[in-house]
Structures are given as C-alpha cells and as structure tokens.
Amino acid sequence: MKYFAGIDVGNTGGIAVLDEYSELVAYTRMPIIKVGKKHEVDVFKVTDFLGKIPYGNCDELAITIEDVHAMPHQGVTSMFNFGKGYGLLLGLLQSMDFAVRRVSPRRWQKELLLPKTDKDDNTKARANRTVLMAYPDLDKYLKVKRNQGVADAILIATFGLQEYQMTFQ
C-alpha cells in the first residue's frame, strides 16, 4: 500500500499521512523544541513520527512539502528561522530516503480550497472548512488555533495523492 504525507512547514505547521484511498491514518502538529529563547522543528520527533510508517503493508511513503520562500514585509530574523526549519525538514527527509515533491502554497490552495465566502475569509479558515467536509471528526481538533497547520498538511497530502493518481492511473 502507498501512503502520502503532507507537510505544512513552520512552527505552527503540521504533518498528515493519508493512505492511497484518502483515509487519514496519522497527523500531528509540527513537533517543536525550545532552543534557548527560540523554538525550532524537533527533527527527532519528526523522525519518530515518520518512522512509524509503514502502517501494515506499506510499499512507499511519498511526501509533499510546502515549498516556501521569503515574503515581503516579514522580519529578517523570523524569515531566517522559518527557512532554517524548512532546510532542516528537507535534509531530514532526504536522509531518510523519502521521495519528496515540493508544491507552492498558491498551487495546492488554488486546486483544493473551497471558494471564499466573504472578503475576510482567510486561507486557514477555508482550509479548515475544506478538510472538515472530508473529515468531520476533526471538528474539535481544528477549532484549536495551534492545530490549524494540520488542516494545511492534510490538504498538501491530498494534493500529493491526487498528483500521483493523475500520473499513474
């Protein structure tokens, strides 16, 4: 069986794993660790989470990670730390010999998010609504603000699964 992981990068991101039938088999907020006064991605916990796969008979885990970059009007230090976390994740995934596909936020959001309901409707709210249509049991979990990166991770995993299906079927 094939599994598809989605990774929403950043300290408020998440990781989600779907099977080839779109069943959500695992998810977590991005594991972070305090280093001095700052927080960083906890690569040991990410390794542990991903290392629990295969679930049963797993032939492959394909990972889709959000391809992030610096944005205008964001602080230099925060962007450096964000990029550092992204680099840590990419290095970790390569060292674990996973197939990694990168996707821009704009691309997966355009293909998967529900349309805006009003002018103040942000992408996080739209991601939550989109995910809850497929996984209504996550309602209480996604209402907690710090868990909202998991909704993005689920959609990124969904994007990876759909790309695979279009390529090989």
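Hi everyone. When I say two residues touch, I mean that they have heavy atoms within 4.5 Å of each other. Keep in mind as well that this is a predicted model.

Let's start with Ile-7. Leaving out residues up to four places away in sequence, Ile-7 touches Gly-14, Ile-15, Met-30, Ile-63, Thr-64, Ile-65, Glu-66, Leu-89, Leu-93 and Ile-156. Ile-7 also belongs to the largest nonpolar core, which has 23 residues; together with Leu-50 and Leu-61, Ile-7 is among those with the most contacts inside that core. Which elements give two or more residues to this core? They are strand E1 (2-8), strand E2 (14-19), helix H1 (43-51), E6 and helix H2 (76-95). Helix H2 gives the most, with 5 residues. There is also a second, separate core of 22 residues, and Ala-62, Val-131, Ile-154 and Ile-156 are included in that one.

Now over to helix H3, residues 105-112. Its buried residues are Trp-108, Gln-109 and Leu-112. Looking down the axis of H3, these buried residues fall within an arc of 100°, so they line one face of the helix. As a reminder, an α-helix has 3.6 residues a turn, so residues three or four places apart point the same way. On the face of H3 turned away from the buried side, you'll find the exposed residues Arg-106 and Lys-110. And what do the buried residues of H3 pack against? Their partners are strand E6 (60-66), strand E7 (99-103), helix H4 (123-134) and helix H6 (148-168).

Is Ala-134 buried or exposed? Ala-134 is exposed, with a relative accessible area of 52%. Ala-134 and Ser-22 are 112 residues apart in sequence, and their C-alpha atoms are 9.3 Å apart in space. Thanks, everyone!

Definitions and conventions
Residues numbered from 1 in each chain as written. Predicted model: local features only at pLDDT ≥ 70, side-chain atom pairs only at ≥ 80, totals over all residues. Heavy atoms only, no water. Buried < 20%, exposed > 50% of the residue type's maximum accessible area, 1.4 Å probe, protein only. Helix = DSSP H or I, 4+ residues; strand = E, 2+ residues; numbered from the N terminus. Arc of directions from axis to C-beta. Core = buried A, V, L, I, M, F, W, Y, C linked by side-chain atoms within 4.5 Å.
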